[in-house]
Amino acid sequence: MLLVVATAVFVANLDLFIVNVALPAMNQHFRGSTLSALSWVLNGYAIVFAALLVPAGRLADRLGHRTGFLAGLALFTGSSALCALAPGVGWLVGARLLQALGAALLMPTSLALLLDATAPERRTGAVRAWASIGGIAAGLGPVLGGLLVEADWRWVFLVNLPVGAAGLVAGRRVLPRLRGRAEEPWPDLLGALLLTAAIGLLAVGLVRSDNWGWASARVLGSLAGAAALVAGFLWRSARHRAPVVELPLLRVPVFAAANATALLFTVAFAGMLLTSVLWCQQVWGYSALRTGLAVAPGPLLVPPITLTAAPLLRRFGAGWLAALGLLAFGAGLGWWVAAIGTAPGYAAELLPGMLLTGVGVGLALPTLIGAAATALPPTRFATGSAVTTMGRQVGSVVGVAVVVSLLGTPHSAAQALDAFRHAWWALITATALALLAAVALAGARRQG
């Protein structure tokens, strides 16, 4: 059973990283497409996943975890085929929205199935093993994505089909048949819709700001509409029996500070990943495979750094360890601002920044996720982890949107360098804000 769950979760996590590498190839294939249009291949997925993660988990609690897992895996696999068959960007984005719905069903039910089948004294280790799958996918994603794109960008989606089919066949045989809890309230789907629309409007305003102008009525209207929808979402969450976000959780100081830090950090992380891929392929002219190899050293550092940081966590606490990671991450972005030029110089220019950001991610991200999880009682772990994942997806949407708005459409290598530097400075600013939140997290731990 563990193999079935782990494989499905690995594929869902892998999809987050290999699609980034394929984006320039999609841009070349769909002639006339723009980066702002293709950004919805990433952001459409993240928005739906963020908004539906908690409601999908609650729905699976009511209908049964096995049913939810198999339905999510089937939808994820089938929509991967639709992505590969896409004749245009609109079709591809629509298929990605379905894929995100499948992932939203798949992820929380995979953890629930794992915990259902694990003895209480072994559950901590099982949760760590489940969480480590994302780190492995991050390390392998860029290189595997580059290999697949060398054949055709459609392979980044086709690779999901045999794995998904095997998981469905094996899952029907080995996953435990546990009854759902019919007494569970129906999830707040209207609240999820409000959140989806809010994040979508925010992304539209940011992505289109380069074309519309920051002071235009359309950008200001998008941002104001997003704020109004967030207010409606919070009003709904305060009154529904099964809200997307249980607002009392945000009154737990450590949980709130850890999630705020993780959200801001993910803005920078998502932007860093996208800019590194686009820089290698669009400015330095690297192939997809060479780009994957160039980006891989950073993610590959994350698992060993995470494992060796445990003594530092015990000595300094989550807030200060996350702050150290954020300093390293910001230094990596700063290195790119100072050192990168338009003529390829990987070892002296890109690689040091990749290594520093990899160290930063390894120190900060698992620490923040762990701090958020342990701030709540065991009975709230599943809900709390879903809220944390949702916040990180929102951060990813903002990070991608900010990068796309700042890069625009440069017409020369010099213009591209200026645009990327502006984007890296924006990501450094997000990292600095995350650093302030990490200091608040350190203070929250002292209080309590």
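Guide: Leu293, Ala294 and Val295 of α12 touch Tyr346, Leu350 and Met354 of α16. Keep in mind that this is a predicted model.

Visitor: How many of the residues in the contact of α12 with α16 are nonpolar, polar or charged?

Guide: Six are nonpolar, with no polar and no charged residues.

Visitor: At what angle do α12 and α16 pack?

Guide: About 60°, and their axes are 9 Å apart. The two helices are therefore oblique to each other.

Visitor: Where does α12 sit in the chain?

Guide: α12 covers residues 288-295. Its partner α16 covers residues 346-374.

Visitor: Next, α13. What angle does α13 make with α16?

Guide: Helix α13, residues 297-308, packs on α16 at about 35°. The axes are 7 Å apart. The crossing of α13 and α16 is right-handed.

Visitor: Which residues of α13 and α16 make the contact?

Guide: α13 brings Pro297, Gly298, Pro299, Leu301, Val302, Ile305 and Thr306. From α16 come Tyr346, Leu351, Met354, Leu355, Gly358, Val359, Val361, Gly362, Leu363 and Pro366. In the contact of α13 with α16, 13 residues are nonpolar, four are polar and none is charged.

Visitor: And α11 with α16: what angle there?

Guide: About 155°, with the axes 10 Å apart. α11 and α16 are therefore roughly antiparallel to each other.

Visitor: Is the crossing of α11 past α16 left-handed or right-handed?

Guide: α11 crosses α16 in a left-handed way.

Visitor: Which residues of α11 meet α16?

Guide: Val254, Phe255, Ala258, Asn259, Thr261, Ala262, Phe265, Phe269, Met272, Ser276 and Cys280. On the α16 side, the residues they meet include Leu350, Met354, Thr357, Gly360 and Val361. The contact of α11 with α16 counts 16 nonpolar, five polar and no charged residues.

Visitor: How many residues of the second largest pocket's lining are nonpolar, polar or charged?

Guide: The lining has 17 nonpolar residues, two polar ones and no charged ones.

Visitor: Which residues line the largest cavity?

Guide: Val4, Thr7, Ala8, Leu73, Val163, Gly164 and Gly167. α1 (2-29) and α7 (160-174) each give at least two residues to that lining.

Visitor: How does the largest cavity's lining divide by class?

Guide: Four residues are nonpolar, three are polar and none is charged.

Key:
Residues are numbered from 1 along each chain as its sequence is written. This is a predicted model: local features need pLDDT of at least 70, side-chain atom pairs count only at pLDDT 80 or more; totals for chains, interfaces and linings use all residues. Side-chain values use heavy atoms; hydrogens and water are left out. Ala, Val, Leu, Ile, Met, Phe, Trp, Tyr, Cys and Pro count as nonpolar, Asp, Glu, Lys and Arg as charged, and the others, Gly among them, as polar. Axes are lines fitted to C-alpha atoms, for helices over the stretch in contact, and angles run from 0 to 180 degrees between N-to-C directions. Helices (H or I, at least four residues) and strands (E, at least two) are DSSP runs, numbered from the N terminus. Angles under 35 degrees count as roughly parallel, over 145 as roughly antiparallel, 65 to 115 as roughly perpendicular and the rest as oblique. A crossing is left-handed if the near helix is turned anticlockwise from the far one by less than a right angle, and right-handed if clockwise. Contact means heavy atoms within 4.5 Å. On a 1 Å grid over the protein atoms alone, a cavity is a set of points where a 1.4 Å probe fits but cannot get out, and a pocket is an open set with protein on both sides within 12 Å along at least five of seven lines; lining residues have an atom within 4 Å of a point.
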